[in-house]
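The sequence and structure follow.

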Amino acid sequence: MNSDSNTSNNSVVSNLVKILRENIQTYAIVVALIIIWTLFSAMTEGRFVGPQNFSNLFRQMTITSFLAAGMVLVIVTGNIDLSVGKLAGFVSVVVAKFQDDIWTQVFPEQGVLTTALSVLIGLAVGTGIGLIQAYIIAYLKVPAFIVTLGTMWIMNGAILLVTEGKTIAADQPALKVIAQGYLPANVGWIIAVGVVALLFYGMVSGRQKKRSYGFELAPLYLDLLKTIFFSVLVVGYVYMVNQYNGFQIPVLLLAITVVALTYLSNNTRFGRYAYAIGGNREAARLSGVDIRKNIFSVFVLMGFLCGVGGVVLASYVGYGTIGAGQSYELDAIGSAILGGTSTLGGVGTIFGAMVGSLILTSLGTGLQIMNIQAAWQYMVKGIVLVVAVFGDVYLRRNR
Amino acid sequence: MTDNIKVENDIILDVKNVTKNFPGVVALDDVTVQIRRGEIHGFCGENGAGKSTLMKIFSGVYPYGEYEGKILYEGEELHLENGAIRKATEVGIATVYQELTLVPTMTVGENVYMGREPVEKGGINWDKLYADTQKLLTRYSLDIQAHDLISRLGVGKMQMTEIAKALSEDAKVLILDEPTSALTDAEIEQLMDILRRLKGHGVTCIYITHKLEEFFKIADSITVLRDGKVVTSQPTENLNVEKLVNYMVGREMSERFPKSKREPGSVLLEVKNLHAADPNESSREIVKGASFNLRKGEILGIAGLMGSGRTELVMTIFGEYGKITEGTVTLNGKELHIKNANDAMHEGISLVPEDRKTHGLVLMQSILQNISLPNLDQFASWMRIDDLAELNASLQYAKSLEIKTPNLFVPCDSLSGGNQQKVVISKWLMSKPQVLIMDDPTRGIDVGAKYEIYKLMNNLAQQGIAIVMISSELEEVLGMSDRVMVMCEGKSAGTLDIAEATEEKIMALATGIANGNGRSAG
C-alpha cells in the first residue's frame with residue numbers, strides 16, 4: 001500500500017473526474033438548484049432572480065434551515081425529531097409574549113435589553129425542552145419517534161395556552177433586526193474579503209501541515225480551484241444582496257451556524273461518534289463510544305436550534321401566532337433528505353441540507369411569484385422530494 | 001436409494017471460457033470447468049480467487065450479458081436475464097448462503113414457501129402449506145418440524161430450513177457457500193448426511209468452504225481457483241490437503257502455523273470463578289464459573305463447543321455483555337470493575353469480536369475512520385480532531401499489518417475478509433492494549449491471510465502482549481497456543497499446557513466426558 005495516493009497526484013482530468021464522482025450527490029443537488037432557478041427565471045421573465053427576490057429567498061429559507069441543520073445530525077444517528085416545528089413555534093410565541101406583555105409590566109421602555117432577554121429566554125426554552133426530550137430518548141430509551149411526536153402535541157397545546165387563541169405582536173425594532181435587518185454594503189464587503197482571506201489561509205496552512213508530515217500534496221491547481229470556486233460564490237453572493245438592501249442578518253446567523261455545525265460534524269469526536277453510531281450502532285458501542293451521551297447531545301443541540309429558529313421566526317413574522325411552526329418539521333426533514341441525508345443513518349451533510357432547504361423554498365416562492373395557488377406548491381414539493389430521493393437511490397444502485 | 005449411485009457422466013453445468021471483469025479487477029479469467037450431474041463438487045481458493053463471482057453467475061446475481069463466455073445448463077445455454085435471480089431458482093439453481101436469509105419471527109413452513117404460498121380463494125391455504133412442507137422435510141429426512149419458529153432454532157436447523165427452501169423449488173443444483181462456518185461438529189455431520197442423501201436423490205451440490213478437510217469427507221471432485229483462473233479440477237481421490245493448499249497459494253506451505261520461540265512472563269490477568277447473568281434475563285446464568293490465568297507474552301487458546309460460553313465469557317470481561325454476579329477479574333493485581341468497552345480500553349483490554357461485519361466495523365465508513373474510532377482521544381484536544389495526526393498514525397498500523405488497499409479512504413465493505421479483520425486488529429492495537437482478546441480471529445479468511453494473522457499474533461506475543469484466542473478449529477488452537485483452556489457449558493472444564501494437549505483431550509474436556517458430570521476443574 002502506498003501512502004502516496006492518500007493525497008492525489010494524477011492527471012488534471014482524472015483528478016477532476018475523481019472529485020466529481022466522489023461528491024456526485026452534492027453536485028447533483030446544486031445542479032438541480034441551478035436548474036430550478038433557471039426554470040423559474042424563464043417562467044417569470046427574470047423576476048425570480050432579481051435582487052429583491054433573491055434576497056428574500058435567502059431570508060425566507062433561514063428559519064427551517066436552522067431546524068434542518070440540526071435534523072441532519074438527528075437522522076444521522078438513526079433517529080428522528082417530529083417536534084421541531086411546534087417547538088420552534090412555541091419559542092416564537094413565548095418570545096412574542098415576553099416582548100408584548102411581560103416586559104411592558106417590568107421594563108416599560110422597549111429597549112435592546114428586553115429584547116436580548118427575550119431572545120435568551122427563547123433559546124433557553126428551546127434548549128430546555130430539547131434537554132428533556134434528549135434525556136427520555138437517550139437514557140430512558142423511549143423511541144425518538146414517539147417522544148418527539150408527543151412533544152409536538154404538547155407544544156401545540158402550549159402554543160394555544162400562551163397565545164390564548166390570539167395573535168401576539170412582536171414587532172419591536174430591536175427584535176425586528178434579527179430576521180429583517182441588513183448589514184450595510186461595506187460591512188458586507190468586509191465580510192466577503194475576510195472570508196476569502198480565511199479560505200486562502202486555510203488552503204495554505206493545510207498544505208504546509210501536510211508537508212510537515214511528509215504526505216504528498218494534491219496539485220496546487222486543484223486546491224486553488226476549490227478555494228477560488230468558493231471565494232467566487234461568497235463574493236457573488238455579497239454582490240447580489242448588496243444590490244438590494246445588503247447582507248441579510250438572519251443569513252449571517254445561519255452561515256455562522258452552518259460553519260459551526262459542519263465543524264462539529266467533521267472535526268470533533270462528537271461528530272465522528274454520531275456518524276459511527278448511525279453507521280453501525282453495535283460496532284460503535286463495542287468500540288467504546290458512549291452512545292447515550294452522544295444521542296443526548298444531538299437532541300439537546302436540536303432543541304437549541306429550535307430555540308434559534310423560534311426566535312428568528314418571531315422576528316420574521318413580527319407576531320406570535322397560533323399556527324406558528326406548523327409543518328416546519330416536514331420541511332426540515334425534507335431538506336435534510338434532499339440534501340443527501342440517508343433515512344438509514346450514518347450519512348448526511350449540513351451543507352447538503354442547506355441546498356435542500358434552498359430547493360424547497362425556491363419551489364415555494366417560485367410558484368408563488370407565478371401566482372399559482374398554495375395547493376400546487378405542496379404538491380410540487382412532495383413530487384420533487386420523491387423524485388429526488390428516487391434519483392439518488394437509482395444512482396447509488398447503478399454506480 | 002442405494003449408496004453406490006453411479007455419478008452419471010453427464011454434465012449438468014458446463015462452463016466454457018467464462019471471463020468477468022470489474023473496473024480494475026479481473027474476477028474470472030477464462031474459466032472452464034465441468035460439473036457432473038449428481039456429484040458433490042467442491043470449490044476452493046483464497047478470498048478474491050473468484051469462487052463467489054462464479055456462483056453469482058450461476059445464481060443470476062450477474063445475469064447473462066455481464067460476463068463473457070458460455071455456460072451450458074443441462075445441455076442448453078444458460079440465459080438468465082430480466083429477473084435473473086428468480087429465473088435461476090425457477091430452472092433449478094438454488095443457493096444457500098453463509099448469511100441466512102430467513103425471517104426469524106416466522107415458522108419453517110412460512111419461510112420455505114415465502115413468496116410462493118399456496119393460495120385458495122384469495123387467501124393463503126395454510127393447511128396445504130404446512131402439509132407440503134412436512135412432506136418435503138420427511139422426504140429428505142430433515143430433522144425439523146414445519147411449525148418450528150425460526151428464532152427458536154439453532155444455526156444448524158436454520159440451515160436445514162434454507163436447504164428445504166431450495167429443495168421446495170425443485171433445485172437440481174444446490175450451491176452451498178461456506179455452510180459450516182457457524183455449525184457445531186455434530187451439526188456439520190448432520191449436514192454431510194443431508195448432502196449425501198440429496199446426492200442419492202440426484203441433486204447436484206456445489207460446496208464451497210475454507211475448511212479443506214471437509215472436501216475429503218464429502219466431495220467427489222474439487223476445483224481450485226486462484227486469481228480468477230482454474231488451477232486444477234480433479235477427482236478428490238487424486239488430491240489431499242497439502243496439494244490443495246499448494247494449488248491455492250501456488251507455493252509450498254510447509255507449515256500452516258508459523259513457529260515462534262517465546263517465554264511467557266508473569267501472570268497479568270486473573271479470572272477467578274466468574275459467574276455472569278444474561279443482561280436481559282437476570283435469572284439466566286450465561287457464565288457459570290470460569291477461571292483462567294493469562295501471562296505476559298503468551299497466547300492462551302480457549303477451546304470448546306459452540307454454545308460453551310466462550311464468547312459470553314470474553315464479552316463479559318470486556319464489559320459489554322453479562323452482568324457479573326460472582327467472581328473477580330484482576331489485572332496486574334488490581335481488581336477490575338469494567339462497565340463498558342470504554343472502561344475495558346482504559347484498563348488495557350481490547351476485544352476483536354467474533355463477527356467483524358456486525359460488531360467489528362462500521363462497514364460504510366473508511367478504513368481510516370474505523371481504525372481511529374476507539375482511539376480518537378489520542379488525536380483530539382479540546383473539541384478538535386487533528387486529522388493529519390490521525391491519518392499518520394493509522395497509516396503506520398495499516399502498513400505494519402500489511403493491509404492491502406490503495407489508500408485509507410476506501411470504505412471497509414469493499415475489502416476482503418482478511419483485510420477487514422486486519423482493520424479491526426489495527427484499531428485495537430492502536431489503543432495499546434496489555435491484553436488482546438481475539439474471538440475466532442481467522443473465521444472466513446483464506447489460508448494466505450490466516451498465515452499473516454498468525455505471524456502477527458506471534459509478533460505481538462513476542463512484544464509482551466497477552467493474547468486470548470478463542471477458536472473452534474482444533475488445529476488452530478493446537479498450532480498457536482501456549483496453553484489451552486477448555487470451556488464446557490459455561491464453565492472452565494480444564495487447562496492444558498501445549499506440550500500435553502491433544503485433540504482428543506480437548507474434545508474430552510469440551511464435551512464434559514472428562515469431568516463426568518461436568519464439574520469445573522479449572
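What is the mean pLDDT of chain B, and what percentage of its residues reach 70 or more? The mean pLDDT of chain B is 86, and 93% of its residues reach 70 or more; pLDDT is the predictor's confidence in each residue, from 0 to 100. The model is predicted: local features need pLDDT of at least 70, side-chain atom pairs count only at pLDDT 80 or more, and totals for chains, interfaces and linings use all residues. Residues are numbered from 1 along each chain as its sequence is written, while chains are lettered from A and ligands numbered from 1 in the order in which they are written.

**Confidence**

For chain A the mean pLDDT is 88, with 94% of its residues at 70 or more. Among the elements of chain A, the lowest mean pLDDT, 70, belongs to helix 1 (residues 12-22), and the highest, 96, to helix 13 (residues 291-317). Helices (H or I, at least four residues) and strands (E, at least two) are DSSP runs, numbered from the N terminus. For the complex, the predictor gives an ipTM of 0.84 and a pTM of 0.78.

| Stretch | Contacts beyond near neighbours in sequence |
|---|---|
| Residues 1-9 of chain A | 26 contacts |
| Residues 1-7 of chain B | 9 contacts |
| Residues 517-522 of chain B | 15 contacts |

Two packed helices are described by the angle between their axes and the distance between the axes. Axes are lines fitted to C-alpha atoms, for helices over the stretch in contact, and angles run from 0 to 180 degrees between N-to-C directions.

The axes of helix 3 and helix 13 of chain A come within 8 Å and cross at roughly 175°. Helix 3 of chain A is therefore roughly antiparallel to helix 13 of chain A (under 35 degrees is roughly parallel, over 145 roughly antiparallel, 65 to 115 roughly perpendicular and the rest oblique). Residues of helix 3 of chain A in this contact include A:F66, A:L67 and A:G70, and those of helix 13 of chain A include A:M302, A:L305 and A:G309. By class, the contact has 16 nonpolar, 3 polar and no charged residues; Ala, Val, Leu, Ile, Met, Phe, Trp, Tyr, Cys and Pro count as nonpolar, Asp, Glu, Lys and Arg as charged, and the others, Gly among them, as polar.

Helix 3 (residues 51-76) of chain A also packs with helix 14 (residues 328-338) of chain A, at an angle of about 60° and with the axes 8 Å apart. These two helices are therefore oblique to each other. Among the residues in contact are A:T64 and A:M71 of helix 3 of chain A, and A:Y328 and A:D331 of helix 14 of chain A. This contact comprises 9 nonpolar, 2 polar and 1 charged residues.

**Domains and chains**

Chain A is divided into domain 1 (10-181 + 246-397) and domain 2 (183-244), with bounds from an automatic or database domain assignment. Their centres, taken over C-alpha atoms, are separated by 26 Å. In the contact, 10 residues of domain 1 of chain A meet 12 residues of domain 2 of chain A. Helix 3 of chain A supplies the largest share of the domain 1 side, 4 residues.

Between the chains, 32 residues of chain B are in contact with 23 residues of chain A. Helix 13 of chain B gives the most to the chain B side, with 6 residues. That side divides into 20 nonpolar, 8 polar and 4 charged residues.

Methods: Two residues are in contact if their C-beta atoms, placed from the backbone, lie within 7 Å.
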